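Visitor: I am new here and would like to learn the words as we go. Could you show me around?

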Amino acid sequence: MEARVKGVAVEAAREDLRNRTLAKLKGEFARLIYLASTRDYTTGQYQHDGLAKEFSREAATAALKSCHEEIFKTLGKSSLEDVVEELEVYACANHIEMVELIRTWENLQPYRIARPLECDPVTAELFASNVTVALTILRSHCLREDRRPPDA
Amino acid sequence: MCPREVLDRIFQREDLDFVARQDSREALELFRRERKRIAHLWIRQIRQEIAGIRQVHVAMVRESSDLEPATELKVALEYLLVSGLCWLMTVAIYFLGPVHTRGLARHASELAADLSSVVGKSAMTPQARAENLTRGGG
């Protein structure tokens, strides 16, 4: 009975998180980065005061973890074309110059720590590898744009 | 084990075709190198899994008094088959790339899952096995 009540609270917290926070973020990368940022990097615990106040700390943590895993799973099995598109959406929605995003992400590789703690290692490597290739593709697009004559 | 959709993604052609259309030699070379690396990682994962299954099975067999020869033969054959497929895939990926080994990868993954299920079932007590059968667990 207690487990069922907990399950209902987690589901309600998930719905709340999806509808009130994640729906406002444009693109899967923005959602992934947001969810990863709610995690304490020393303990691996998710924290969200608003959600914890509304439901409970336990329900909020479980909801954040579950949504994080769900979004990572979606991105992990995405085609390379979709990953490239998602990166363009992320840069555009956050008003970041693509060249700047490429330079920062190639150097710091933030996408490597954006993965959930518990995930299949091959899926995690495929995701990181796809982002690396996508950044190279986007860099080649930027170079081509730069070389194009202004009147073309 | 790595999800089926991820396995398909590693070995399918769609991404290779997409990168080839981008007209970037650097991206194409990086993609080919990376997919080979990921495919080898997957093979290593499968090898580790079946080695783990084999260890569990050997430990179980040592303590078992009622061995089923048919099950033992099936486990031994499937273990050898998956090991052989992994070896074959390693060579094929080196020379041809992951795209051409998709069928082998699917076959190895299915065999490894079957091996895990056979060993799991044989680890059950006779009573649990009967209950599983009445529940329709096969």
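Visitor: What makes L16(B) partly exposed?

Guide: L16(B) has 17 C-beta neighbours inside 10 Å. That count falls between the limits of 12 and 20, so the label is partly exposed. L16(B) sits in helix α2 of chain B.

Visitor: What is L16(B) in contact with, leaving aside its neighbours within four places in sequence?

Guide: F31(B) and V99(B). Contact here says that the C-beta atoms of two residues, placed from the backbone, lie within 7 Å. L16(B) and V99(B) are 83 residues apart in sequence, yet their C-alpha atoms are 8.3 Å apart in space.

Visitor: Why is D23(B) called exposed?

Guide: D23(B) has 12 C-beta neighbours inside 10 Å, and the limit for exposed is 12 or fewer, so it counts as exposed. D23(B) lies in the loop between α2 and α3 of chain B. Its phi is near 60°, a positive value in a residue other than glycine. Most residues other than glycine have a negative phi.

Visitor: And what makes H95(A) exposed?

Guide: H95(A) has 6 C-beta neighbours inside 10 Å, which puts it in the class of 12 or fewer. H95(A) is in the loop between α5 (80-93) and α6 (98-108) of chain A. H95(A) also has a positive phi, about 55°, although it is not a glycine.

Visitor: How do you know that the length of helix α5 of chain B agrees with what it should span?

Guide: The expected span is 1.5 Å times one less than the number of residues. For the 21 residues of α5(B), residues 102-122, that gives 30 Å, and the end C-alpha atoms are 30 Å apart, which agrees.

Visitor: Why do you say that the buried residues of α5(B) line one face?

Guide: Those residues are A105(B), A108(B), S109(B), A112(B), L115(B) and V119(B). Seen down the helix axis, they fall within an arc of 125°, so they line one face of α5(B); the arc is that of the directions from the helix axis to the C-beta atoms. An α-helix has 3.6 residues a turn, so residues three or four places apart point the same way. On the other side of α5(B), G103(B) and E110(B) are exposed. The cover over the buried residues of α5(B) includes α1, α3 and α4 (69-96) of chain B.

Visitor: Which residues of chain B touch chain A, and how are they divided into nonpolar, polar and charged?

Guide: The contact takes 21 residues from chain B and 16 residues from chain A. On the chain B side, α3(B) gives the most, with nine residues. That side divides into twelve nonpolar, three polar and six charged residues. Here Ala, Val, Leu, Ile, Met, Phe, Trp, Tyr, Cys and Pro count as nonpolar, Asp, Glu, Lys and Arg as charged, and the others, Gly among them, as polar.

Visitor: Which element of chain B has the lowest mean pLDDT?

Guide: Helix α6 of chain B, residues 126-134, has the lowest at 60, while α2(B) has the highest at 97. pLDDT is the predictor's confidence in each residue, from 0 to 100. Where pLDDT is low, the predicted coordinates should not be read in detail. Chain B averages a pLDDT of 88, with 89% of the residues at 70 or above.

How values were computed
Residues numbered from 1 in each chain as written. Chains lettered and ligands numbered in written order. Predicted model: local features only at pLDDT ≥ 70, side-chain atom pairs only at ≥ 80, totals over all residues. Helix = DSSP H or I, 4+ residues; strand = E, 2+ residues; numbered from the N terminus.
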